[in-house]
Amino acid sequence: MQFNRRHVLAIAAAMTLGSAYANGVTDKEVLIGTHLDLSGPTATGSVMLRNAMQMRIDEVNAKGIHGRKIRLVTEDNGSQPQMAVRAVQKMIRSDKVFALVNPFGSGTNAATVKMATDAGVIVFAPWAASAVIQRVSGNSPLLFTTVQNYDSTTATGLGWAIKNWDAKRVGVIYQEGPLGELMRSGINTAMKQADLSVAAEAAYKAGDIDFSSQVAKLKAANVDLIFAGTVIRETVGVMAEVKKLNWTNVKVLTGIPGRSSIVTTLGKDTVEGLYGIGGWKLHDPANTTDPAAKKFFTDYKARFGQDADENAANAYSSMSWFLEGLEATGKDLTAEKFAKAMQGVSHEDFTTYTKVSFKNNHAMPELVSIDQAKNGRWVQIAPPTDGR
């Protein structure tokens, strides 16, 4: 991101308290924070995120960065925006953290990102819809997003499917609200490029568990491809209805939130044959041949007594990228200097399809693969592409 006059003024405003950019930084320590769902519906997964981040910090702390150790403060947001606001206020005012890394949740991040960046705090790799969080922050130069945009990745993945499967009648199941709006934007792009119109669509509310009416509506429209703009449990629910109807001549493609190892673990035979748009490499902890991935999964299990999932791997990866930014910034660490240094820090590891770097403070390029659920795991059937 180029720092224009507006960004310079924003940074200057954040520095009006004199030492705002020195918060969390001493000669011996850099204090960072995060807020995760440790008591709500995704608590089990959030514990993995915290564990993976701490493991990466401990690895780096064996040597330190410019003579400093990294210390992580973790607060519970319970997947509730109000709890997240209190947590971030505490980390800004009491802990005086330098950065928030891997904070979890679209709603919780939307409620807190501007408060954090306005206070001069770096927000790095929030687990949220990136385009929404960038907009809410006012495109702050202190925000760095890594989650692939649901609209662009949906457009790429669905476009590939329409072309390669010669789909003519596309049906859509989507969640009401921001997630569905982003995915429908991508769907509209793909349909326009293919000179097609959506044959039928059906909405559902977050938390719904019965998808019989939505699937029945698409079957009545005789669609040959269902795009499921669903997350984990809902993806399994849609496939369960398709299987219940013995509907064998339709393909089901889910977006990035539904292409998760948790889906294949929970869904088992129910999701066999499901297609998914993948935004990062998946590894089988027991059988991966990638040396870096093998080391991560082995070390994680030895330390925490359980297998890590891909979300833990992604949290570990994002923390690595953040720490690389600290290294690149140098001894004289401020938020402004970190933000400038990150423009030249690219990242590639066992989770990424290719080397990524920040363009307008968002990780690019956005490559996606097409994967299929086979025998309880995702198998890549089309290599990563950006649709061009």
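Ser137 lies in the loop that joins helix H5 (130–136) to strand E5 (143–144); helices (H or I, at least four residues) and strands (E, at least two) are DSSP runs, numbered from the N terminus. This is a predicted model, in which local features need pLDDT of at least 70 and side-chain atom pairs count only at pLDDT 80 or more, while totals for chains, interfaces and linings use all residues. Residues are numbered from 1 along each chain as its sequence is written, and side-chain values use heavy atoms, with hydrogens and water left out.

With a relative accessible area of 5%, Ser137 is buried (under 20% relative accessible area, 1.4 Å probe, protein chains only). Apart from neighbours within four places in sequence, Ser137 is in contact with Val113, Lys114, Thr117 and Leu143 (heavy atoms within 4.5 Å). The side chain of Ser137 also reaches two backbone nitrogens, listed here.

| Backbone nitrogen reached by the Ser137 side chain | Distance |
|---|---|
| Asn139 | 3.2 Å |
| Ser140 | 3.1 Å |

Helix H4 covers residues 106–118. Its buried residues are Thr108, Asn109, Thr112, Val113, Ala116 and Thr117. These pack against strand E1 (29–36), helix H3 (81–95), strand E3 (99–101), strand E4 (122–124), H5 and E5. Just after H4, Gly120 has a positive phi of about 85°.

The protein chain has a mean pLDDT of 93, and 94% of its residues reach 70 or more; pLDDT is the predictor's confidence in each residue, from 0 to 100. Over residues 13–21 the pLDDT is below 50, and this stretch has 16 contacts in the model beyond near neighbours in sequence.

Technical notes
Buried means under 20% relative accessible area, exposed over 50%, partly exposed in between (1.4 Å probe, protein chains only). A polar contact is a pair of N or O atoms within 3.5 Å; within protein, one must be able to donate a hydrogen and the other to accept it, and residues adjacent in sequence count only if both atoms are side-chain atoms. The expected span of a helix is 1.5 Å times one less than its number of residues.
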